[in-house]
Amino acid sequence: MRKKLKIGNLVRVNFIGSNYICEVIEVVDKTTYKARNIKTGVIIPNLRWKAHKDKKSVWFIEAFISDTPGAKSTRSIDTRKKTTKKSELDQAIKKQKDFIKGNIKK
């Protein structure tokens, strides 16, 4: 079933005989899409339906799954889990400046 896909659609992608569930993240042109594997987060470029795929291409869209995107990634959006205090950071910067100047203290 060839269908015009939109951003957020879920599709089943075939990559060298293995199937993966991917979410469309970009519509490059009329028949070409860019998708992201939901489990691993790997981005697959130049995706096309099987009927439109290039002879050299090792991946293609096998089936349309749904319009609604799947669950959001389980990765944390907040990357600042263990931050340093400003006073510790200032001390470290001072030590670096002293080291650059040649004042090494043990």
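## Sheet, salt bridges and local contacts

V13 stands opposite I61 in β5. That pair belongs to the antiparallel pairing of β1 and β5, which runs over six bridges. Two strands count as paired if DSSP finds at least two bridges between them.

The model is predicted: local features need pLDDT of at least 70, side-chain atom pairs count only at pLDDT 80 or more, and totals for chains, interfaces and linings use all residues. Residues are numbered from 1 along each chain as its sequence is written, and side-chain values use heavy atoms, with hydrogens and water left out.

**Overall layout**

From the N terminus on, the order is β-β-β-β-β-α. Helices (H or I, at least four residues) and strands (E, at least two) are DSSP runs, numbered from the N terminus. Of the 106 residues, 22% count as buried. Buried means under 20% relative accessible area, exposed means over 50%, and partly exposed lies in between (1.4 Å probe, protein chains only).

The chain exposes about 8,900 Å², and carbon and sulfur atoms supply 54% of that area. Accessible areas come from the Shrake-Rupley method with a 1.4 Å probe; for residues, only the protein chains shown count as cover. Among contacts with a separation of 6 or more, 39% join residues 24 or more positions apart. Contact means heavy atoms within 4.5 Å.

**The sheet**

The five strands form an open sheet, ordered β4-β3-β2-β1-β5, with antiparallel pairing. Its edge strands are β4 (43-47) and β5 (59-66), each pairing on one side only. From one strand to the next, the twist averages 40°. Axes for such angles are lines fitted to C-alpha atoms, for helices over the stretch in contact; angles run from 0 to 180 degrees between N-to-C directions. Strands of a sheet pair through backbone hydrogen bonds, either parallel or antiparallel.

β1 and β2 run antiparallel and are joined by six bridges. They form a hairpin with two residues between them. In the turn, I16 has a positive phi of about 50°. Along this pairing, L10 stands opposite E23 in β2. On to the next pair: β2 (residues 18-27) and β3 (residues 33-37) are antiparallel too, with five bridges. There, C22 has N37 in β3 as its bridge partner.

**Salt bridges**

The whole structure holds four salt bridges. The criterion is a side-chain nitrogen of Lys or Arg within 4 Å of a carboxyl oxygen of Asp or Glu.

| Pair | N to O distance |
|---|---|
| R36 and E23 | 2.9 Å |
| K34 and E26 | 3.6 Å |
| K86 and D90 | 3.8 Å |

What does the R36 and E23 pair tie together? R36 lies in strand β3 and E23 in strand β2, so the pair links parts that are 13 residues apart in sequence. R36 is partly exposed, at 26% relative accessible area. E23 is buried, at 15%. In the K34 and E26 pair, K34 is partly exposed at 26%, and E26 is partly exposed at 34%.

K86 and D90 both lie in helix α1 (residues 86-101). They are four residues apart, about one turn of the helix. K86 is exposed at 63%, whereas D90 is partly exposed at 39%.

**N14 in β1**

Is N14 buried or exposed? N14 counts as buried, because its relative accessibility is 11%. N14 lies in strand β1 (residues 10-15). The N14 side chain makes a polar contact with the side chain of E62, at 3.1 Å. A polar contact is a pair of N or O atoms within 3.5 Å; within protein, one must be able to donate a hydrogen and the other to accept it, and residues adjacent in sequence count only if both atoms are side-chain atoms. Leaving aside neighbours within four places in sequence, N14 is in contact with N19, V58, W59, F60 and E62.

**T31 in the β2-β3 loop**

T31 sits in the loop between β2 and β3. Its relative accessible area is 24%, so T31 is partly exposed. Which residues does T31 contact, leaving aside its neighbours within four places in sequence? They are L47, R48 and H52. The C-alpha atoms of T31 and N46 are separated by 9.1 Å, with the two residues 15 apart along the chain.
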